[in-house]
Amino acid sequence: MLSRPQDFAAIQGAGTTRSHPLFTVRFQRTGLETTRFGLSTGRRLGGAVVRNRVRRRLREVLKSMVLTCQPGWDVLIIARPAIVGIDHDTLVGALHRTLVRGGVIEGATG
(Lines give C-alpha, C1' and ligand atoms only; values in the text may rest on other atoms or scores of the structure.)
Protein backbone atom coordinates (compact mmCIF):
# COMPACT_ATOMS: atom_id res chain seq x y z
CA MET A 1 0.00 0.00 0.00
CA LEU A 2 1.05 3.57 -0.62
CA SER A 3 1.29 5.54 2.58
CA ARG A 4 3.95 8.23 2.20
CA PRO A 5 2.78 11.74 1.29
CA GLN A 6 5.52 11.89 -1.37
CA ASP A 7 4.01 8.88 -3.16
CA PHE A 8 0.54 10.43 -3.14
CA ALA A 9 1.94 13.73 -4.43
CA ALA A 10 3.83 11.99 -7.25
CA ILE A 11 0.67 10.31 -8.51
CA GLN A 12 -1.34 13.53 -8.20
CA GLY A 13 1.22 15.41 -10.27
CA ALA A 14 2.11 12.97 -13.02
CA GLY A 15 -0.52 10.23 -13.12
CA THR A 16 -3.34 9.63 -15.56
CA THR A 17 -6.92 9.71 -14.30
CA ARG A 18 -10.03 7.60 -14.81
CA SER A 19 -13.28 8.73 -13.25
CA HIS A 20 -16.34 6.84 -12.07
CA PRO A 21 -19.32 8.09 -10.03
CA LEU A 22 -18.04 6.07 -7.03
CA PHE A 23 -14.38 7.11 -7.18
CA THR A 24 -11.59 8.72 -9.14
CA VAL A 25 -8.54 6.57 -9.84
CA ARG A 26 -5.10 7.93 -10.68
CA PHE A 27 -2.49 5.67 -12.29
CA GLN A 28 1.26 6.06 -12.65
CA ARG A 29 3.76 3.63 -14.18
CA THR A 30 6.71 2.72 -11.95
CA GLY A 31 9.76 0.56 -12.38
CA LEU A 32 8.85 -1.60 -9.41
CA GLU A 33 8.07 -5.31 -9.49
CA THR A 34 4.79 -4.84 -7.63
CA THR A 35 1.67 -2.74 -7.97
CA ARG A 36 0.99 -0.47 -5.01
CA PHE A 37 -2.37 1.00 -4.05
CA GLY A 38 -3.25 4.09 -2.05
CA LEU A 39 -6.67 5.01 -0.69
CA SER A 40 -7.97 8.51 -0.10
CA THR A 41 -11.19 8.96 1.87
CA GLY A 42 -11.96 12.60 2.52
CA ARG A 43 -14.27 14.05 5.12
CA ARG A 44 -17.01 14.54 2.52
CA LEU A 45 -17.74 10.81 2.91
CA GLY A 46 -18.77 11.20 6.55
CA GLY A 47 -17.30 10.65 9.97
CA ALA A 48 -14.30 8.50 10.87
CA VAL A 49 -16.41 5.34 11.18
CA VAL A 50 -17.76 5.76 7.65
CA ARG A 51 -14.36 6.58 6.16
CA ASN A 52 -12.74 3.57 7.87
CA ARG A 53 -15.52 1.29 6.62
CA VAL A 54 -14.99 2.54 3.04
CA ARG A 55 -11.23 1.90 3.32
CA ARG A 56 -11.82 -1.64 4.67
CA ARG A 57 -14.25 -2.41 1.85
CA LEU A 58 -11.84 -1.10 -0.80
CA ARG A 59 -8.93 -3.10 0.67
CA GLU A 60 -11.08 -6.24 0.64
CA VAL A 61 -11.95 -5.75 -3.03
CA LEU A 62 -8.33 -5.00 -3.93
CA LYS A 63 -7.13 -8.20 -2.21
CA SER A 64 -9.34 -10.23 -4.53
CA MET A 65 -7.92 -8.43 -7.60
CA VAL A 66 -4.24 -8.18 -6.70
CA LEU A 67 -3.26 -11.43 -8.45
CA THR A 68 -4.63 -10.19 -11.78
CA CYS A 69 -2.83 -6.83 -11.61
CA GLN A 70 0.10 -6.08 -13.87
CA PRO A 71 3.34 -5.24 -12.02
CA GLY A 72 4.80 -1.76 -12.03
CA TRP A 73 1.90 0.54 -11.18
CA ASP A 74 1.06 3.00 -8.44
CA VAL A 75 -2.71 3.41 -8.13
CA LEU A 76 -4.51 6.01 -6.02
CA ILE A 77 -8.23 5.50 -5.40
CA ILE A 78 -10.05 8.64 -4.29
CA ALA A 79 -13.48 7.73 -2.89
CA ARG A 80 -16.54 9.83 -3.68
CA PRO A 81 -19.59 10.13 -1.41
CA ALA A 82 -21.70 7.77 -3.58
CA ILE A 83 -19.46 4.86 -2.52
CA VAL A 84 -20.83 4.87 1.04
CA GLY A 85 -24.15 3.15 0.31
CA ILE A 86 -23.15 0.92 -2.60
CA ASP A 87 -23.38 -2.88 -2.45
CA HIS A 88 -20.32 -5.15 -2.68
CA ASP A 89 -20.94 -6.55 -6.18
CA THR A 90 -21.41 -3.10 -7.68
CA LEU A 91 -18.19 -1.91 -6.03
CA VAL A 92 -16.23 -4.92 -7.33
CA GLY A 93 -17.53 -4.46 -10.88
CA ALA A 94 -16.92 -0.72 -10.96
CA LEU A 95 -13.37 -1.00 -9.60
CA HIS A 96 -12.51 -3.87 -11.94
CA ARG A 97 -13.74 -1.97 -15.01
CA THR A 98 -11.82 1.13 -13.96
CA LEU A 99 -8.58 -0.81 -13.41
CA VAL A 100 -9.00 -2.45 -16.84
CA ARG A 101 -9.52 0.98 -18.43
CA GLY A 102 -6.39 2.22 -16.68
CA GLY A 103 -4.28 -0.71 -17.89
CA VAL A 104 -3.55 -2.20 -14.46
CA ILE A 105 -5.60 -5.33 -15.22
CA GLU A 106 -5.57 -6.91 -18.67
CA GLY A 107 -8.76 -8.14 -20.28
CA ALA A 108 -12.34 -6.99 -20.21
CA THR A 109 -13.93 -9.73 -18.11
CA GLY A 110 -15.91 -8.99 -14.99
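This is a predicted model: local features need pLDDT of at least 70, side-chain atom pairs count only at pLDDT 80 or more; totals for chains, interfaces and linings use all residues.
Hi everyone, and thanks for coming. Let's start with salt bridges. Side chains of opposite charge can pair when their charged atoms come close. How many salt bridges does the structure hold? There are three.

Take Asp 7 to begin with. The side chain of Asp 7 meets that of Arg 4 in a salt bridge, at 3.6 Å from N to O. Is Asp 7 buried or exposed? Asp 7 has a relative accessible area of 13%, so it counts as buried, because the cut-off for buried is under 20%. Arg 4, at 47%, is partly exposed.

Asp 7 also has a salt bridge with Arg 36, where the closest N and O atoms are 3.9 Å apart. That pair links distant parts of the chain: Asp 7 sits in helix 1 and Arg 36 in strand 3, 29 residues apart.

Now stay with Arg 36, which is partly exposed at 23%. Arg 36 forms a salt bridge with Asp 74 as well, and here the closest N and O atoms are 2.7 Å apart. Asp 74 belongs to strand 4, 38 residues away from Arg 36. With 4% relative accessibility, Asp 74 is buried. Through shared partners, the salt bridges join Arg 4, Asp 7, Arg 36 and Asp 74 into one network.

Arg 59 lies in helix 2, which covers residues 48-65, and is partly exposed at 34% relative accessibility.

One last stop is His 20, in the loop between strand 1 and strand 2. His 20 is buried, at 18% relative accessibility. Its contacts beyond four places in sequence are Arg 80, Ala 94, Arg 97 and Thr 98.

Terms used:
Residues are numbered from 1 along each chain as its sequence is written. Side-chain values use heavy atoms; hydrogens and water are left out. Helices (H or I, at least four residues) and strands (E, at least two) are DSSP runs, numbered from the N terminus. Buried means under 20% relative accessible area, exposed over 50%, partly exposed in between (1.4 Å probe, protein chains only). Contact means heavy atoms within 4.5 Å. A salt bridge is a side-chain nitrogen of Lys or Arg within 4 Å of a carboxyl oxygen of Asp or Glu.
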